[in-house]
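Below is a briefing on a structure, grouped by topic. It starts where two chains meet and then turns to one chain.

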Amino acid sequence: MTVTESASTPAQGLHQPYDGLTVVELATDPAGELTGLQFVHLGADVIKIEPPAGSPSRHTGPFVDDIADPERSLAHWYYNGGKRSVVVDLADDDGRGTFDSLLVDADILISTLHPLELRRLGLDLQAVVDANPRLIVVSITPFGLTGPWADYQSSDLVALAVSGLLITSGYDDHTIPPIRPGGDQAFHTAASFAHIAAILAILERDQSGIGGLIDVSIQEAAGVTVELANPYWFYPRGLVQRQTCRHAQPVPTQTAIFQCRDGRWVYFALILADQKPWQALVSWMDSEGVATDLTDPEYDSLEHRQANFGHIQDIVEVFFLLQDSSVAYHEGQARGLPIGILNAPEDLYHDEHLVARGFFVDIDQPGFGIMPQPTAPYRFSALATTPPQRAASLGEHTDEVLAARRGQP
Amino acid sequence: MTLIPTDPSRRPRARRGPLAGVRVVDFCWMGVGAMATRLLADFGAEVIRIEDRNRLDMPRRLPLYKGGDVRSYGEEETNPDPNKGGMFNNYNRNKLGITLNMRSERGRELAERLIGTSSLLTENFAPGVMERWGLTEEHVRGLRPDIIYARMSGFGHSGPHAEYRSYGPVVQAVCGLSHISGLPGREPSGWGLSYMDNQAAYYNSSALLMAILARRRFGQGTDVDVSAVEAGVQLLGPVLLDVAVNGRGTRRPDYPTGNRLDHPAAAPHGVYPCAGVDRWVAIAVFDDAEWKSLVGVLGEPPWTSDPRFDTVAGRVANQDELDEHLSSWTKDRDRHDVMTRLQAVGVRAGAVQDAEDVNEHDPQMAHRDIFFELDHPVIGEARFEGLPFTASHFAADHWRSAPLLGEDNSYVYGEILGLGADEVADLAESGVI
């Protein structure tokens with residue numbers, strides 16, 4: 001990883017998909033902030049409206065050296081690189097006037113304000129659209145803007161619970177509650193749909209000339225991100241049961257994570273029905289001298305394998321315990337088996353594949369210095385993307401943005 | 001030959017929506033690709049799924065059958081009816097479907113003609129398959145200079161692991177999402193689903209939409225390379241910076257934190273038992289005002305006045321005890337009753353719902369009409385997951401359930417490519433389509 005000027009400017013001569021778009025972001029959670037970040041990465045000018053005390057993310061850890069400070073929040077830096085920070089107090093009249101004037105030239109407003117907060121501020125998103133017919137307002141709220149639960153309060157955990165996703169994840173032992181998968185994924189799922197809906201709205205506006213109001217529900221975003229759980233209900237009327245680190249299914253299945261000699265884990269789902277992966281596995285085990293009886297010809301028959309699944313699983317467990325996780329990962333893949341190492345975040349910075357693709361880029365973040373950030377996971381041959389950039393300090397662009405507003409007739 | 005229904009409502013028609021007029025030659029199969037192009041089909045694109053009769057798409061074979069018995073998805077039937085599979089219907093609504101044998105020269109020639117009439121070409125095969133058929137990026141651009149050629153894969157189309165095999169759980173493992181999920185001191189609990197099939201599909205959908213937007217604005221096509229692993233890394237969130245900036249490794253005894261929150265400090269924050277088998281409620285209390293509201297609903301029992309619970313820091317430091325007290329209050333109560341009583345005073349609480357709850361009983365999901373039904377000639381009426389957003393100025397155009405195998409051969413080869421009926425019959429006879 002190296003820092004170069006060119007890493008912070010888009011490739012010469014190529015357009016970015018969102019060239020010329022202005023986005024105003026009023027985000028109080030990672031759903032809104034990640035949506036805004038996608039627009040930064042693809043070339044839009046994103047103006048982040050913050051209250052005088054700073055966005056909630058500035059008050060959320062982890063912090064640099066664990067010192068709580070709005071200019072040291074890694075949660076804030078992660079989601080807000082490259083946005084312009086403008087302090088506007090929506091609760092006072094001047095602030096509201098400034099906000100309204102910013103929307104006049106904006107293409108998109110991202111809002112995560114809860115319906116109760118919108119009412120408290122006297123802010124009606126439909127009225128905002130009516131006043132700015134070309135504006136696209138993307139609202140992201142826990143349950144959507146309408147309906148019997150619209151005013152309910154939520155969080156990432158609560159959203160996953162009510163969506164139907166949480167019950168599918170956890171351990172085989174059901175005296176342990178379902179366990180929330182990490183990383184604010186209800187918010188992230190909502191961000192993915194908010195981004196998709198916003199681009200559709202731009203495509204629509206390019207044809208019809210009019211914007212509108214997009215109403216994203218976090219509960220629903222997670223609720224349609226359950227893979228098999230809904231179709232099992234739609235079709236055979238089955239309910240899936242959570243199982244440790246593998247697919248929830250209506251019936252119990254064999255374990256799919258194996259511990260290796262170095263204490264680390266690999267994911268490998270042994271599927272007996274396919275002859276080729278079975279042979280690849282046995283030949284691999286044989287080359288390590290631990291295939292035991294699995295090389296016997298009777299294992300060529302699926303019936304025999306199924307009848308002895310428990311025995312096979314025991315030997316495979318021992319097999320993985322005898323080698324290091326990275327060896328198991330790369331050797332298994334070299335033999336054509338879909339095996340995955342359970343990387344920890346700290347492993348990723350050294351992953352030879354991600355390094356070769358230049359996935360992480362170093363940026364210079366005031367208050368810390370040089371630090372790596374992931375690039376946008378989109379690559380185009382004929383379009384540029386914006387590499388990661390530092391996050392602005394609170395209100396860094398207030399004067400610049402407001403002066404530009406005042407300078408207009 | 002598949003019996004093709006004569007129902008006029010299944011005949012391809014002009015589509016509505018922001019993507020009307022966009023034609024997609026869609027080689028995607030399995031989950032990720034099919035979900036990514038489904039979104040285009042929902043909003044008006046003419047998505048033509050290309051299928052191989054001799055190598056059925058796995059969702060056509062998965063044993064999720066309406067009215068069928070409930071079994072694991074690995075227990076396939078020996079010769080499944082390709083038109084009966086619920087997962088295929090789920091992933092391929094609103095698309096057209098044709099069959100084509102890409103191992104035949106005539107088949108590849110037809111594919112090239114179709115690509116010449118289309119705006120997008122999509123695929124999620126193992127690296128090298130499209131090249132084997134001659135469909136290199138250069139060749140495709142020769143057929144249609146402004147085409148968008150989207151390659152969806154686990155690891156991306158460059159780098160030393162580009163050819164590694166993956167599906168959702170492998171991507172989740174490699175990108176770190178599995179490791180960061182679980183109770184401290186135990187094996188990871190990870191994900192009970194292919195979350196990264198869904199999320200990679202969403203990232204691919206947005207990449208396709210961006211490329212369409214850019215072509216409308218700047219008049220040029222592009223190749224698109226989205227790596228599911230890289231999308232997964234972006235989804236890890238701020239923990240990535242905690243390890244890089246603070247040097248705090250995540251292989252430590254107190255990580256991950258299960259249902260407790262790393263940041264911000266919050267307690268109680270967990271999933272608590274309720275009346276019934278495997279019934280739970282999630283409760284998340286962030287500040288003192290929410291704590292006081294919770295205490296009010298609990299009826300202010302003596303333990304709640306323990307000064308150790310007066311502050312966020314105190315509640316976090318004593319959360320084992322706090323969770324025991326709260327569990328003893330929730331354990332004989334109905335999970336929805338707990339949710340409703342806590343929400344009435346502004347405390348964040350949610351019943352842990354399953355697919356039956358959200359489909360049949362949840363008044364919010366019902367109000368928002370997230371699920372909808374479409375008829376299918378073999379399956380009958382079936383339910384679908386809609387989009388988790390509404391728009392005031394455009395809507396999804398749900399016109400048809402998934403195509404039967406080869407259902408749209410006569411429309412695509414006849415009306416789009418202009419072949420005569422005899423010629424189409426010959427192609428079918430000789431196994432080209």
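Strand S14 (residues 379-380) of chain A and strand S6 (residues 222-227) of chain B run antiparallel and are joined by two bridges; strands pair if DSSP finds at least two bridges between them. Phe380(A) has Val224(B) as its bridge partner in S6(B). This is a predicted model, in which local features need pLDDT of at least 70, side-chain atom pairs count only at pLDDT 80 or more, and totals for chains, interfaces and linings use all residues. Residues are numbered from 1 along each chain as its sequence is written, while chains are lettered from A and ligands numbered from 1 in the order in which they are written.

**Contact between the chains**

- Chain A contributes 131 residues to the contact and chain B 132 residues, where two residues are in contact if their C-beta atoms, placed from the backbone, lie within 7 Å.
- On the side of chain B that touches chain A, helix H8 (residues 195-218) of chain B supplies the largest share, 17 residues.
- That side of chain B consists of 66 nonpolar, 46 polar and 20 charged residues; Ala, Val, Leu, Ile, Met, Phe, Trp, Tyr, Cys and Pro count as nonpolar, Asp, Glu, Lys and Arg as charged, and the others, Gly among them, as polar.

**Chain A overall**

- Chain A has 16 helices and 14 strands, which are DSSP runs numbered from the N terminus (helices: H or I, at least four residues; strands: E, at least two).
- Of its 409 residues, 53% are buried, meaning that 20 or more other C-beta atoms lie within 10 Å of the residue's own; exposed means 12 or fewer, and partly exposed lies in between, with C-beta atoms placed from the backbone.

**An open sheet in chain A**

- Three strands of chain A form an open, antiparallel sheet in the order S9-S10-S11.
- Strand S9 (257-259) and strand S11 (340-341) of chain A each have a single partner strand, so one side of each is left without a neighbour in the sheet.
- S9(A) pairs with strand S10 (residues 265-267) of chain A over three bridges, and Gln259(A) stands opposite Trp265(A) in S10(A).

**Helix H3 of chain A**

- Thr98(A), Phe99(A) and Leu102(A) are buried in H3(A).
- Those three cover an arc of only 100° around the axis, which puts them on the same side of H3(A); the arc is that of the directions from the helix axis to the C-beta atoms.
- Asp93(A), Gly97(A), Asp100(A) and Val104(A) are exposed on the other side of H3(A).
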